[in-house]
Amino acid sequence: MPIIKTVVAKGITWVEIPEADLRILCGCPMDSVKHLMKRGLIVSTEKNGVNCETGPNAILLSDLMLQNGEMANLGEFPVLQMLYKQGLILPNHPNNTGQKPLIIGLAEQVNAQMQYIYRGNYGLISREEIEEAGVSTQEAAAMMRLKLRFAFGTIRPSQDLLEGRVVGDELVEIRNGVMIRRQSQNLYVIEYANSRITVDLNLPPGESYESAYPLGFQMLPREYFAIVHSGEGDGWDVNRPSMSSILMFHGKIYLIDAGPNLFNNLEALGIGIDEIAGIFHTHAHDDHFAGVTTLIRSGRKVKYFATRLVRATVEKKLSALLSFEEERFQEFFEVHDLQPETWNDIEGLEVRPVYSPHPLETSIFLFRTLWQNGYRTYAHFADIVSLELLEKMITDDPGKPGIDRAYFKKIRDEYLTPVNLKKLDVGGGMIHGMAQDFREDASDRILLSHVARELTPWEREIGSSAPHGMMDVLISGESDFARRSAFTFLQSAFPGIPLHQLRILINSPVIHLKPGTMLLREGGIPEKIQLILTGAVEKIRTRDRFVGRLSSGAMVGEESGLHNQPSRYTYSTVSHVQALEITASLYRELVLRNNLLERIERTAEWRLFLQSTPLFSEGVPYPILDQVVDAIELRIFPAGQLLACRDLNRLNLIRSGQVERSLAGERFDVLQSRDYFGEEMTVFETPCLFRLTTLEETEVCQIPGELVQEIPIVRWKLFEAYHNRAMQVVHTSDSAGSFRWNSAFNIQISEMDIHHKKLLEIANAIMEIVRSGAGWSAMESAFAALVHYTEYHFSAEERLMERYGYPELVRHQSRHRSLVQQVLEYRDQMMRQPDTSQIDFKSFFSQWLVRHIMSEDRQYSAFLNAKGVY
């Protein structure tokens, strides 16, 4: 058969055409390489006496950068496998035939993937970018010398290493007679000779990408100061998570790095996302970075601890991958920049980040806290470099890539700092550490990590490995952290209840539940109510096709227990769970004594409705859900009503009825009960792209935008849906009168291309307001958004040009001022028109901004491209 098709895992398919020497990895979510290895599609081999691996030589990308909240296009490790482990880029390698690996997909995704891989290879790509992250000119120059040494003297754009192949609705040749066509969203047809197959990259609703390896369930006690070993492998280890640790301090949970399949890793350890207090981030390679977006699936912002250098790299890489502004990272995390080479105090936990040699910006961490007879200290040294290799980088010529001898000595001394517990990367090769460098290390205990093999005997003379979930306790905890959490949750659930009554509830038993324990069946009447303290519980009602998750702070059986009525849902544990088990009769009695029944009933009713919607079905803690409930306003709209601007300035959840969403007079879709609208302006400060009309009497609950903006998981889901719709309109829509993004607009500066797409989104929204006759209020709001984003974009563009010394900066700034004045004058003229139908906005926008992008912006982009800025 000319075409061989193998379904590897959810969202991953292997397509091989041996006659055409083409092997396509279709879909590349996290750990796709590990899936191929486990299926025997990547194996070790030998060619002309050279050891190497087999594997793909092309990647077909998902149309959607996010599917069900998970990143769908993580091509960094598949590309590394092709270039280095197969040898497609290595000089004199028998597999290096001069043909570049292929990146195939929609133009938007191919461009995004090229930029994301570029940032994954190099991080910050110039002295100017490093200085902007708060580093002195002298230090930045030294860091660039080291970076260039790792890069063999040159920072190369991804296009030098990879070939992009843009696919649309027409047949396109991939290579050697193999043709491909996009049939619909994420559905592709591949043809060769007389064979034809289809590849479906869609992830079904409610499903997740699969982990490449199973992990056993464990129950971890919360300790005062302890390290849980959550990953000892590397990006190629098919049986273990990549190198990472979990740090416990005062019973709180902190992550050190966020590798692939983080959700499964935490679930196996009995830790819910909402229990994560913060993350300490070493660097932005995918085996330490791919799980970052998992932390966004929390009901509150997780604290993000890193140096400004590392944060800048992460922001740029995530921005390239997801095509959003770099500043948006801080909308999802509570950012805390750490001072390098200094002990930073975080509520008694002291952390010292140290810049460590690596191809992109990397920190090693030392953590300590004061205890009897001094400090107890843990060192986490991920992605270090061997001292032998580092010493070879020494050069006395400051103009050449490399380091000086003083810097080598400093790094060696930092590596050999004696501590109580030290975890090391000993992966070897060009960019990882070696165990032999630590033979004389005086630390109490050394763990060797970041390898995909067993340790050798001589390595085991230096240190040991740690099985998944093993805990090293540096200071034992004597406090009851579980009851302390329960007290906090109950205080929120029972505002104003006397302390002595709260203590009655707190004195209930804390129970430990194994994974798969059925807590309450649909139709069952509970005798006990469980307050979840750790872990996660699944909530199911199959007749409504509903599956949700409850995490710490949620109560199981509250509503049915209060009224002694059958439960409407089934609840079972999905990990080890700790819960405070309260007798239903006691709970009911205290509620009645404090006159809380009416409040709790109303809150519980609305909470159930919110949890039945896709937006609030998981990850939102009860205290935050209750804030949403308190802020809800109900509105009822008659059939046939065009929804006004004021109603699109809030997030609207449909409780009953139907709303038609249309564009250019054509139906786009119909929203039903539990769907939502209004997020464009509420969360993303963009006018609604669509005309919204009720098809029948419709009841909606309206939620203030400022509340929604502070719930990361809700904001993340809104971003996924909003971006996918905007992409349909701006990139693939054929609607008459709409602007459609095309390659001619692309100036090859990722950050600015993202801004230009956003301006096109706003322009399309204004044109829809003109077409629909939505009125002056909507128009005024839309133009305010256009002016605001234009000023933001021009300011960012000018900073970029100034950073690199663009010689035509002054003239470009003058042109920007003129363009802002023009749009303000046009707005004033427009507002004097008798109605919006008289406005020819498309002609104005084409002359006003599109021409500027196509001419002046292309001039500075060529200047910046020459300096490695893409």
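Predicted model: local features only at pLDDT ≥ 70, side-chain atom pairs only at ≥ 80, totals over all residues.
Residues are numbered from 1 along each chain as its sequence is written, and side-chain values use heavy atoms, with hydrogens and water left out.

**The helix pair**
- The axes of α23 (residues 750-772) and α24 (residues 776-803) come within 10 Å and cross at roughly 165°; axes are lines fitted to C-alpha atoms, for helices over the stretch in contact, and angles run from 0 to 180 degrees between N-to-C directions.
- The two helices, α23 and α24, are therefore roughly antiparallel to each other (angles over 145 degrees count as such).

**A residue to look up**
- R725 sits in helix α22 (residues 712-732); helices are DSSP runs of H or I with at least four residues, and strands are runs of E with at least two, numbered from the N terminus.
- R725 is buried, with a relative accessible area of 8% (buried means under 20%, with a 1.4 Å probe and protein chains only).

**The sheet**
- Six strands form an open sheet in the order β21-β22-β23-β24-β25-β26, with mixed pairing (two strands pair if DSSP finds at least two bridges between them).
- The edge strands are β21 (344-346) and β26 (445-449), each pairing on one side only.
- Strands β22 (residues 349-355) and β23 (residues 363-371) pair in the antiparallel sense over six bridges.

Notes. Parallel < 35°, antiparallel > 145°, perpendicular 65-115°, else oblique. Buried < 20%, exposed > 50% of the residue type's maximum accessible area, 1.4 Å probe, protein only.
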